[in-house]
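Please walk through the structure below with the text beside it.

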Number of protein chains: 2
Amino acid sequence: MTVAGDPREETLFAPVRSQTAFEETVDRLGTAIKLGLLPPGAKLPAERELCAKLGIARSTLRQALTALAQSGHLRAVRGRSGGTFVAERPPPADPPSAELLARWRDVCDWRLAIELGVVVLAAERSEPGQLAPLEQVVDELDGLLEDFAAYRQADVRFHLGLAELTGSPRLLAAMTEAQGEMTDLISYIAHPPEVLASANAQHRRLLAAVGAHDTAAAAQAIAEHLHGTEHVLAGLLPAG
Amino acid sequence: MTVAGDPREETLFAPVRSQTAFEETVDRLGTAIKLGLLPPGAKLPAERELCAKLGIARSTLRQALTALAQSGHLRAVRGRSGGTFVAERPPPADPPSAELLARWRDVCDWRLAIELGVVVLAAERSEPGQLAPLEQVVDELDGLLEDFAAYRQADVRFHLGLAELTGSPRLLAAMTEAQGEMTDLISYIAHPPEVLASANAQHRRLLAAVGAHDTAAAAQAIAEHLHGTEHVLAGLLPAG
DNA sequence: GCCTGAAGGACGGACCGTCACACCATTTGC
DNA sequence: GCAAATGGTGTGACGGTCCGTCCTTCAGGC
């Protein structure tokens with residue numbers, strides 16, 4: 001009847017993964033903090049406002065906020081000028097889960113697709129002047145070669161900025177998710193300044209290609225950029 | 001405080017969409033039928049077996065099967081050699097929802113990213129002989145230029161086959177989802193044989209590039225292929 | 001110094017999706 | 001005719017989520 005291991009069947013009948021609203025909220029906010037999208041000290045919208053935006057009940061939101069507060073990512077302040085704030089001293093990143101490590105190649109492939117699509121569309125659609133903020137980020141990156149945590153956060157801003165250029169909400173969301181997973185994967189890997197410098201040079205070339213509407217060059221540049229990361233992972237992790 | 005319309009904030013605090021197991025199951029099976037992955041007359045695994053694969057309770061699975069049976073997509077047969085079968089005469093596709101039409105550009109962008117990533121990885125990784133089945137599909141497509149429904153199903157097989165070449169489960173799943181959304185979008189659009197012939201010629205060029213491990217040419221070919229569809233949609237639908 | 005307003009914190013009841021389990025009804029093969 | 005495999009049905013429990021209500025804390029205005 002059915003050949004065992006047929007990738008189509010396996011995809012079709014793969015387990016239905018129903019994440020609860022609570023889990024998804026913890027993931028979303030946790031990732032945003034981890035990526036620096038919500039920087040230390042940032043104030044979240046008030047609970048009654050945030051639960052409306054997220055489309056969930058306040059009690060559900062509070063479960064998520066409580067969990068993130070207990071893990072040290074958030075800090076709640078009561079009173080009139082209170083609110084929920086991102087902790088000034090975020091807890092150390094926990095090591096990548098075995099589940100994530102097992103599918104690291106899949107994660108990289110996924111990211112390649114998103115980044116490639118983003119870069120091609122950005123090259124087609126970017127208008128003069130839109131690239132200035134990104135060039136600024138690249139300049140900033142040059143000064144962060146010695147501090148990987150800071151470098152990585154600016155790096156995320158760069159890639160998300162590219163995704164914004166496409167004007168596609170879904171690609172921006174996908175890029176955020178992909179960067180979150182990559183951050184988990186690479187957080188425990190040494191990144192010497194020379195490697196970061198070389199990566200940032202690729203950022204520059206990429207930006208130049210996007211500005212020139214040269215989709216082929218942009219695609220080439222991002223592919224090289226990502227393959228660098230992939231080779232490092234391939235050397236450290238079991239074959240995927 | 002917060003600038004209204006900031007794409008990052010909107011992504012971060014976008015509504016948390018928790019699909020129920022029931023809904024996701026209906027979507028998955030419904031899409032598979034619509035795409036021809038489960039062809040008319042095909043027998044689904046027994047309920048007790050399928051619910052285990054899907055990781056849901058049998059009662060939940062039955063809700064989904066009942067819904068699909070009532071809409072005419074499935075037919076249940078009792079008794080020892082019974083089972084749940086895909087209807088021989090599938091009901092007509094319902095017109096694309098307003099919600100889908102509203103974000104058609106987003107869907108196209110999304111698909112571009114997936115297809116681009118798939119094609120690049122396939123070009124890097126494909127081994128001699130793996131392309132034979134796909135070439136066969138392309139030959140088959142040449143004979144279906146007059147029957148769009150049949151053409152489209154073979155077309156889906158072609159694109160999913162490419163995704164399989166990457167060996168990435170996630171990309172295969174994403175491709176399946178993307179093809180499902182595209183099918184909804186284009187089902188109500190006229191596709192003259194000349195257009196289909198030209199599209200299939202692009203398939204051939206794409207396959208040649210993949211076989212030659214020429215990533216740049218492959219990317220170029222798929223981009224042209226998809227832009228064709230996009231221009232047709234852009235002409236018929238309100239600007240996205 | 002008190003009051004108001006805005007924020008987080010806590011509780012209880014209700015609803016609904018999901019699960020696990022047992023059992024019924026139907027058909028086919030031996 | 002019996003056994004086995006299948007879809008069909010019902011019941012009770014659990015858990016996540018929602019909604020409403022009220023409490024607690026604290027800054028700022030009068």
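**From a loop to the DNA and back**

His213(A) lies in the loop that joins helix 10 (193–211) to helix 11 (215–236) of chain A. Helices here are DSSP runs of H or I with at least four residues, strands are runs of E with at least two, and both are numbered from the N terminus. This is a predicted model, in which local features need pLDDT of at least 70, side-chain atom pairs count only at pLDDT 80 or more, and totals for chains, interfaces and linings use all residues. Residues are numbered from 1 along each chain as its sequence is written, while chains are lettered from A and ligands numbered from 1 in the order in which they are written.

His213(A) is not a glycine, yet its phi is positive, about 55 degrees. Most residues other than glycine have a negative phi. His213(A) counts as partly exposed because it has 13 C-beta neighbours inside 10 Å. The cut-offs: a residue is buried with 20 or more other C-beta atoms within 10 Å of its own, exposed with 12 or fewer, and partly exposed in between, with C-beta atoms placed from the backbone. Now look at chain B. His213(B) sits in the loop between helix 10 (193–211) and helix 11 (215–236) of chain B. Its phi is positive too, about 55 degrees. His213(B) is partly exposed, with 13 other C-beta atoms within 10 Å.

Ala, Val, Leu, Ile, Met, Phe, Trp, Tyr, Cys and Pro count as nonpolar, Asp, Glu, Lys and Arg as charged, and the others, Gly among them, as polar.

DNA strand C has 24 residues around it, and Arg80(A), Thr20(B), Ala21(B), Gly79(B) and Arg80(B) come nearest. Two or more residues each come from helix 3 (47–54) and strand 2 (83–86) of chain A, and from helix 2 (21–34) and helix 4 of chain B. Helix 4 of chain B gives the largest share, 3 residues. The surface near DNA strand C divides into 6 nonpolar, 11 polar and 7 charged residues.

Stay with helix 4 of chain B. Helix 3 (residues 47–54) of chain B packs on it at about 105 degrees, with the axes 9 Å apart. Axes are lines fitted to C-alpha atoms, for helices over the stretch in contact, and angles run from 0 to 180 degrees between N-to-C directions. The two helices are therefore roughly perpendicular. That term covers 65 to 115 degrees; under 35 is roughly parallel, over 145 roughly antiparallel, and the rest oblique. Glu47(B), Arg48(B), Leu50(B), Cys51(B) and Leu54(B) of helix 3 meet Arg58(B), Leu61(B) and Arg62(B) of helix 4. Contact means C-beta atoms, placed from the backbone, within 7 Å. The contact holds 4 nonpolar, no polar and 4 charged residues.

The two chains also meet each other. 44 residues of chain A are in contact with 44 residues of chain B. Helix 6 of chain A supplies the largest share of the chain A side, 11 residues. That side divides into 26 nonpolar, 10 polar and 8 charged residues.

Back to helix 2 of chain A. Its buried residues include Thr25(A), Val26(A), Leu29(A) and Ile33(A). The buried residues pack against helix 3, helix 4, strand 2 and helix 9 of chain A, together with helix 1 (7–12) of chain B. Just after helix 2, Gly36(A) takes a positive phi of about 85 degrees.

Helix 8 of chain A is mostly covered, with 15 of its 19 residues buried. Gly167(A) follows helix 8, with a positive phi near 75 degrees.

Last stop: Gln179(B), in helix 9 (residues 169–186) of chain B. Is Gln179(B) buried or exposed? Gln179(B) is buried, because 24 other C-beta atoms lie within 10 Å. Not counting residues up to four places away in sequence, Gln179(B) touches Leu35(B), Val156(B), His159(B) and Leu160(B).

Conventions. A residue is near a molecule or strand if its C-beta atom, placed from the backbone, lies within 6 Å of it. Two residues are in contact if their C-beta atoms, placed from the backbone, lie within 7 Å.
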